[in-house]
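Biologist: I have the sequence and the model open side by side. Can you walk me through the fold?

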Amino acid sequence: PDYTTLATATDNCSVTSITQSPVAGTMIGLGTTVITLTVSDGTNTIDCTFNVTVTDDEAPMITCPADQTGDVDTACMFTI
């Protein structure tokens with residue numbers, strides 16, 4: 001998501017930009033990613049950071065095949 005819209009920035013001069021790293025739309029994997037927001041007034045910049053933690057709380061699903069029957073060979077064995 002674009003977190004720049006959630007930031008509040010003020011300055012005695014006008015704020016010219018708020019940027020985000022990694023940028024909105026970046027795919028991140030499981031774990032914690034540090035998001036950095038940078039605000040600029042055209043002369044000075046300052047950063048703030050926060051964490052986004054991605055978790056996988058959904059267990060995988062599986063459907064097993066039905067029970068199987070096999071015929072033995074001449075040694076009374078069946079190869080899997």
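Modeller: Three strands make an open sheet in the order 1-2-3, with antiparallel pairing. Strands here are DSSP runs (E, at least two residues; helices are H or I, at least four), numbered from the N terminus. Two strands pair if DSSP finds at least two bridges between them. This is a predicted model: local features need pLDDT of at least 70, side-chain atom pairs count only at pLDDT 80 or more, and totals for chains, interfaces and linings use all residues. Residues are numbered from 1 along each chain as its sequence is written, and side-chain values use heavy atoms, leaving out hydrogens and water.

Biologist: How many bridges pair strand 2 with strand 3?

Modeller: Strands of a sheet pair through backbone hydrogen bonds, either parallel or antiparallel. In this pair, Gly 31 has Val 54 as its bridge partner, Leu 37 has Cys 48, and Val 39 stands opposite Ile 46. Strand 2 (residues 31-40) and strand 3 are antiparallel, and their bridges number 10.

Biologist: And how many bridges join strand 1 to strand 2?

Modeller: Gln 20 stands opposite Leu 37 of strand 2. The two strands run antiparallel, and the bridges joining them number five.

Biologist: Which residue takes a positive phi in the hairpin of strand 2 and strand 3?

Modeller: That hairpin has four residues between the strands. The phi is near 95°, and the residue is Gly 42.

Biologist: Is strand 3 largely in the open or largely buried?

Modeller: Buried means under 20% relative accessible area, exposed over 50%, partly exposed in between (1.4 Å probe, protein chains only). Of the 10 residues of strand 3, one is buried, so the strand lies largely in the open.

Biologist: Which residues does Thr 19 touch, beyond those up to four places away in sequence?

Modeller: Thr 19 sits in strand 1 and is partly exposed, at 42% relative accessible area. Contact means heavy atoms within 4.5 Å. On that basis Thr 19 touches Thr 4, Thr 36, Leu 37 and Thr 38.

Biologist: Where is there a cis peptide bond?

Modeller: Look at the loop between strand 1 and strand 2, where Pro 22 lies. Omega is about -5° for the bond joining Ser 21 and Pro 22.

Biologist: What is the phi of Cys 76?

Modeller: Cys 76 is in the segment after strand 3. At 59% relative accessibility, Cys 76 counts as exposed. Cys 76 is not a glycine, yet its phi is positive, about 60°.

Biologist: How exposed is Ile 80, what is its relative accessible area?

Modeller: Ile 80 also belongs to the segment after strand 3. Ile 80 is exposed, with a relative accessible area of 94%.
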